[in-house]
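Visitor: I have a model open and would like to go through it. Can you take my questions as they come?

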Protein chains: 2
Amino acid sequence: MSEMLMPFEKQEYLERLKKVKKSMAEKGIDVLLISDPANICYLTGHNAWSFYVYQMALIDMNEEMPYFIGRYMDAFCGVVKTTWLDEAHVRAYSDDHVQSLTKHPMDYVANVLKELKLDKKTIAVEMDNYWFSARAYTRLVQNLPDANIVDGDLLVNWVRIIKSPAEIALQKKAGKLAEIAMQAAVDNLHAGVRQCDVVAEIYSAHLKGTKEFGGDYPAIVPLMPSGETAGAPHLTWTDKKYDDNIVVAVELTGCYMRYHSPMARTICIGKPKQIVIDTANIAVEGINAALEQIKPGNTCEQAEAAWRKVLSKYGMEKESRIGYSMGLNFPPDWGEHTASLRPGDKTVFQPGMTFHCIPGMYLDDFGVSISEALTVTEKGCETFAHYPRKLIINN
Amino acid sequence: MSEMLMPFEKQEYLERLKKVKKSMAEKGIDVLLISDPANICYLTGHNAWSFYVYQMALIDMNEEMPYFIGRYMDAFCGVVKTTWLDEAHVRAYSDDHVQSLTKHPMDYVANVLKELKLDKKTIAVEMDNYWFSARAYTRLVQNLPDANIVDGDLLVNWVRIIKSPAEIALQKKAGKLAEIAMQAAVDNLHAGVRQCDVVAEIYSAHLKGTKEFGGDYPAIVPLMPSGETAGAPHLTWTDKKYDDNIVVAVELTGCYMRYHSPMARTICIGKPKQIVIDTANIAVEGINAALEQIKPGNTCEQAEAAWRKVLSKYGMEKESRIGYSMGLNFPPDWGEHTASLRPGDKTVFQPGMTFHCIPGMYLDDFGVSISEALTVTEKGCETFAHYPRKLIINN
């Protein structure tokens with residue numbers, strides 16, 4: 001086991017597992033089969049781009065150490081050398097299971113459950129996870145006729161929602177990297193510059209970071225919708241040059257050791273129309289009102305309501321949620337899929353929770369997005385990054 | 001509709017759909033529901049980082065234009081302005097379906113099928129796709145009691161396996177970007193340099209590309225296992241400094257408008273051990289033998305057998321496949337999950353197919369990986385990039 005890739009002490013992993021097992025016990029789950037790479041990393045320390053093939057962590061209620069089940073080339077050299085798991089807790093399927101038209105890795109997983117005599121237990125799987133497909137589910141059910149297969153989706157995510165001081169420390173570094181990356185965007189967004197060249201500067205600045213620490217790959221690439229499609233928030237970039245007098249809605253993140261601190265700012269190349277300035281002012285007033293409400297004891301929907309109240313004062317509405325829990329993650333999303341800042345979400349803020357508050361205003365022909373990543377503190381909340389919370393005008 | 005983000009003429013999309021519908025007819029499928037963002041992009045032109053929430057393309061056998069079903073903020077501004085679909089073929093679910101604990105986007109999708117009077121048809125879904133979860137499947141089945149839901153996994157992927165000249169042209173540009181990116185790796189990999197700083201140079205060079213064209217985000221980030229974990233091929237990077245006298249197995253890609261041309265090279269910092277040199281020589285002899293066999297009429301397993309024959313001459317074995325079809329893609333994989341260069345794969349090479357041939361040798365304490373991305377031509381094959389096919393030694 002090399003410490004190199006594991007940012008936490010073994011003790012921290014054990015404490016996480018304790019919380020996961022408490023939740024398993026409450027739900028009557030004997031065995032939890034985890035597909036989500038963030039959940040696997042959270043509990044085992046495994047951090048590699050190996051999630052494009054099937055891999056799982058198996059949490060047995062009666063065993064301290066999780067098992068890792070994956071592809072041979074990932075399991076033995078990678079997991080054994082870079083996580084706190086020992087070789088006895090690693091199982092590897094042969095390569096002819098990979099993207100095969102005949103064999104499926106879930107056949108192998110089922111056999112591991114039989115080998116461990118867990119195949120007659122109550123086994124939870126992550127039903128709504130990117131990394132556990134419809135066929136993975138049907139094959140597993142088919143292969144385990146005596147098991148009681150139940151839904152354990154988001155069980156680990158809900159444990160992840162409260163970060164330890166060690167995790168917060170990584171997100172603060174990510175916050176610094178977000179400032180650096182956004183500054184690179186602002187410095188380079190000018191008419192006549194190619195979009196890809198701006199993104200090159202963002203990536204370079206983010207990865208190089210500071211003398212003390214450098215960046216990791218983001219779970220979402222920089223989103224850079226601009227001009228007539230700036231209202232489409234998830235567009236990326238092309239190699240076309242920026243026109244003058246356009247709005248660019250930049251959403252990026254700092255990422256340090258897989259921990260994120262996202263940030264959105266809206267940058268005008270040239271002179272903005274008055275409606276863009278007005279919308280940005282409302283957005284800033286609204287996010288300020290929302291942040292005021294993020295404190296222990298308040299609920300997620302209360303923060304959203306404060307934002308909505310500001311909007312309605314100006315006769316505006318916004319349909320979508322304005323934020324979500326986030327932290328440790330892998331592509332395609334830095335969000336944790338648990339609490340959202342939206343009507344009906346009664347999650348109570350607690351110290352150590354971390355959110356991305358992003359009340360984006362995506363209109364037909366432009367978008368304004370000004371966001372903050374933050375942690376809930378004892379008395380309120382604190383942003384990870386410190387960057388002017390306003391419309392940025394590059395003249 | 002803006003041409004900006006669509007690299008192909010409408011006619012090319014129509015021809016792709018014709019092939020897809022031919023395959024649907026052969027399989028008795030009335031409606032194909034596509035989750036894979038590469039398949040959606042292939043048929044509609046939609047290219048955005050919107051796949052972290054549910055989105056689908058619906059192909060109705062009796063309708064020329066596909067439907068796009070997605071989140072409101074992605075559908076109307078994004079899809080209508082950047083693809084060849086018109087507004088009448090876009091359906092958007094409300095934001096309270098997003099990562100919700102109560103509503104599921106598949107409830108909405110089922111309602112769209114009812115609205116279009118397709119809910120009693122034979123409907124195919126992509127059963128083994130990252131973007132169609134176990135719950136998506138069970139909810140859809142539950143919501144469509146009169147439908148005959150069947151497996152349409154990889155149907156579009158098998159159409160994608162043969163590229164058009166316009167697609168090959170994009171991959172050739174990606175090949176040029178791969179050369180540029182690898183050169184940045186080679187120029188910067190020295191003892192005492194931080195891993196993240198090398199990756200910054202790789203990203204920057206790739207994105208800036210040439211004066212004529214710049215890079216897109218890769219479906220897989222640069223993989224940079226090094227030192228004692230260089231045998232774990234899917235490790236990424238940290239902000240630690242490289243030691244002297246180590247091996248770094250670099251796998252990266254050029255990516256242009258979502259089309260890929262991957263490349264792996266192994267770079268020694270300092271003086272390599274003799275076993276590394278010997279392994280690299282075998283790897284080069286082996287890949288040369290495999291490339292010789294990649295020509296129309298031969299099968300995938302024949303190419304792999306040629307490689308394996310070289311290995312066995314030296315008393316070596318390698319378990320894993322040595323290549324796969326690739327091209328248009330989004331994270332987490334540039335591979336197409338169809339043909340693989342492995343025993344038992346009887347796919348016959350045809351002109352226009354494009355592969356990544358990567359016979360990586362991952363040993364316990366080092367890895368050697370030297371690869372080529374290529375297209376099958378009328379008489380043989382042609383690599384997209386032109387970069388020395390050998391062990392690189394940085395003294």
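This is a predicted model: local features need pLDDT of at least 70, side-chain atom pairs count only at pLDDT 80 or more; totals for chains, interfaces and linings use all residues.

Visitor: Which residue of chain B forms a salt bridge with Lys208(A)?

Guide: Glu201(B), and the closest N and O atoms of that salt bridge are 2.9 Å apart. The count between chain B and chain A is eight salt bridges.

Visitor: What area is buried between chain B and chain A?

Guide: About 7,200 Å², with carbon and sulfur atoms giving 58% of it. Trp49(B), Gln99(B) and His234(B) supply 10% of the area that chain B buries against chain A, more than any other three residues. In terms of contacts, 88 residues of chain B touch 88 residues of chain A.

Visitor: Now something within chain B. How do α9(B) and α10(B) pack?

Guide: Helix α9(B), residues 274–292, packs against helix α10(B), residues 300–313, at an angle of about 150°, and their axes are 7 Å apart. The two helices are therefore roughly antiparallel. The crossing of α9(B) past α10(B) is right-handed.

Visitor: Which residues meet there?

Guide: From α9(B), they are Ile282(B), Ala283(B), Glu285(B), Gly286(B), Ile287(B), Ala289(B) and Ala290(B); from α10(B), they are Ala303(B), Ala306(B), Trp307(B), Val310(B), Leu311(B) and Lys313(B). By class, this contact has 10 nonpolar, one polar and two charged residues.

Visitor: Switching to the backbone: is the peptide bond from Pro331(B) to Pro332(B) cis or trans?

Guide: Cis, with omega near 15°. Pro332(B) lies in the loop between β9 and β10 of chain B. In chain A, a cis peptide bond joins Pro331(A) and Pro332(A), with omega about 15°.

Visitor: What about phi at Lys117(A)?

Guide: Lys117(A) has a positive phi of about 55°, although it is not a glycine. Lys117(A) sits in the loop between α4 (105–115) and β5 (122–125) of chain A.

Note on methods. Residues are numbered from 1 along each chain as its sequence is written. Chains are lettered from A and ligands numbered from 1 in the order in which they are written. Side-chain values use heavy atoms; hydrogens and water are left out. Axes are lines fitted to C-alpha atoms, for helices over the stretch in contact, and angles run from 0 to 180 degrees between N-to-C directions. Helices (H or I, at least four residues) and strands (E, at least two) are DSSP runs, numbered from the N terminus. Angles under 35 degrees count as roughly parallel, over 145 as roughly antiparallel, 65 to 115 as roughly perpendicular and the rest as oblique. A crossing is left-handed if the near helix is turned anticlockwise from the far one by less than a right angle, and right-handed if clockwise. Contact means heavy atoms within 4.5 Å. Ala, Val, Leu, Ile, Met, Phe, Trp, Tyr, Cys and Pro count as nonpolar, Asp, Glu, Lys and Arg as charged, and the others, Gly among them, as polar. Buried area is the accessible area (1.4 Å probe) that two parts lose on being put together, summed over both. A salt bridge is a side-chain nitrogen of Lys or Arg within 4 Å of a carboxyl oxygen of Asp or Glu.
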